[in-house]
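Subject: Structure for you to look at

Hello,

Here is the structure I said I would pass on. My notes on what was found follow below it.

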Amino acid sequence: MSNEMKPLQNKVVWITGSSRGLGKVMAMELSRMGAKVAIHGSRPDSPTTFGEGGTMEELAAAIATATEGEVLATWGDVTIEEEMKRVAGKIRANWQQIDILVCCAGGDIGAGGTSVGQGGRPEDDDCLNISLPDLQSVMDRNLLGTMICCREVAPEMMQRKQGRIITIGSVAGCIGRPSGSIYSVAKAGVHAWTRCLADQLRPHNISVNCVAPGGTVTERFKRIHETEQEKFVTDGTLDRYGQPEEVASVVGFLCTKAAKFVSGQVIRVDGGGQTFAG
């Protein structure tokens with residue numbers, strides 16, 4: 001593939017939550033586009049969570065082979081600042097700097113982790129009955145983790161007057177709902193954080209945007225939702241579930257020169273399932 005077809009040639013990308021699901025497909029996409037990609041999971045064996053792989057090192061090697069790219073395996077808890085400093089330090093030790101951050105780590109996962117219940121989804125998942133440990137877990141995995149990682153990379157981008165930050169929200173953060181409420185609140189917080197950070201970083205030439213997927217077919221999605229079989233089609237209608245590649249392509253676009261004047265936006269990728277402003 002020529003350099004013209006690899007718009008992210010030599011860019012260094014850190015994608016949190018990329019051991020499986022959406023993040024893994026984003027890593028493939030950005031590596032194909034020429035980026036040096038640091039994949040990230042919470043544990044060295046994170047890809048095993050829903051049977052999507054073995055170790056982070058094995059996944060890095062597989063992506064590198066498939067894309068003919070450079071891929072680095074990292075892991076650590078996004079809710080612990082020291083852990084994220086360590087991960088960012090490893091990336092910089094390999095590639096000097098971080099040009100693009102994609103904050104994909106998150107999910108409606110309670111305090112017990114993904115091995116508990118329905119893929120880790122909290123019981124009594126509403127505003128009043130969810131347990132405080134589960135509430136804290138969902139908020140931290142989504143909102144606090146995003147904040148910590150952004151705070152880790154933004155200062156170096158500010159020094160260079162160059163960089164891109166992409167957060168991953170959800171259409172759930174755009175509505176009120178009686179179940180999955182805390183996840184909605186956490187993702188709404190991610191949307192607001194994105195807009196605030198974008199405004200702060202405008203003078204420093206750093207764009208900050210949020211991609212908010214609708215229902216998208218991953219292994220965890222299939223396990224935790226009561227799905228509609230007719231919505232698993234991939235063509236002929238937009239009234240369907242999304243494919244991870246359709247989300248990853250929007251992330252890829254936001255990393256390119258074509259999106260250099262786009263910032264502070266929450267871009268829903270849901271086939272028009274939500275069409276209201278906001």
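**Notes on the model**

L132 is exposed, with a relative accessible area of 67%; exposed means over 50%, buried under 20% and partly exposed in between, with a 1.4 Å probe and protein chains only. L132 belongs to helix 4 (residues 132-160). Its C-alpha atom is separated by 13 Å from that of Y183, 51 residues apart along the chain.

Before the rest, a word on how to read this. This is a predicted model, in which local features need pLDDT of at least 70 and side-chain atom pairs count only at pLDDT 80 or more, while totals for chains, interfaces and linings use all residues. Residues are numbered from 1 along each chain as its sequence is written, and side-chain values use heavy atoms, with hydrogens and water left out.

**The whole protein**

The protein contains seven helices and seven strands. Helices (H or I, at least four residues) and strands (E, at least two) are DSSP runs, numbered from the N terminus. The order along the sequence is β-α-β-α-β-α-β-α-β-α-β-α-α-β.

A compact globule of 278 residues would have a radius of gyration near 19 Å, and the 18 Å of the protein agrees with that. The radius is taken over C-alpha atoms, and the globule rule is 2.2 Å times the number of residues to the power 0.38. Along the principal axes, the C-alpha atoms fill a box of roughly 50 × 45 × 40 Å.

Of the 278 residues, 52% count as buried. Among contacts with a separation of 6 or more, 71% are between residues 24 or more positions apart; contact means heavy atoms within 4.5 Å. The accessible surface comes to about 12900 Å², and carbon and sulfur atoms hold 51% of it. These areas come from the Shrake-Rupley method with a 1.4 Å probe, and for residues only the protein chains shown count as cover.

There are 29 positive and 32 negative side chains, and the centres of the two sets lie 7 Å apart. Lys and Arg count as positive and Asp and Glu as negative, with His and the chain ends not counted. The place of a charge is NZ of Lys, CZ of Arg, CG of Asp or CD of Glu.

Which residues of helix 7 (residues 244-254) are buried? They are P244, V247, A248, V250, V251, G252 and L254. Their cover includes helix 1 (21-32), strand 4 (100-103), strand 5 (163-168), strand 6 (206-213) and strand 7 (266-269).

V25 is located in helix 1 and is buried, at a relative accessible area of 19%. Apart from neighbours within four places in sequence, V25 is in contact with P244, E245 and A248. V25 and G106 are 81 residues apart in sequence, and their C-alpha atoms are 15 Å apart in space.

N209, in strand 6, is buried at 1% relative accessibility. Not counting residues up to four places away in sequence, N209 touches I165, I166, T167, T194, L254, V262, S263, G264 and Q265.

**Aromatic pairs**

The structure holds two aromatic pairs. Rings of Phe, Tyr and Trp (its six-membered ring) pair if their centres lie within 6.5 Å; planes under 30 degrees apart count as stacked, over 60 as edge-to-face and the rest as tilted.

F221 and Y241 form an edge-to-face pair, 5.1 Å centre to centre with 70° between the planes. F221 lies in helix 6 (residues 219-224) and Y241 in the loop between helix 6 and helix 7, so the pair ties together parts that are 20 residues apart in sequence. F221 is buried, with a relative accessible area of 11%, and Y241 is buried at 10%.

F232 and Y241 also form an edge-to-face pair, 5.1 Å centre to centre with 65° between the planes. F232 is partly exposed, at 22% relative accessible area.

**Positive phi values**

Where is N10 located? N10 sits in the segment before strand 1 (12-16). Its phi is near 70°, a positive value in a residue other than glycine, and N10 is exposed at a relative accessible area of 52%.

N205 lies in the loop between helix 5 (181-201) and strand 6. Phi of N205 is near 65°, a positive value in a residue other than glycine. N205 is exposed, with a relative accessible area of 52%.

Regards
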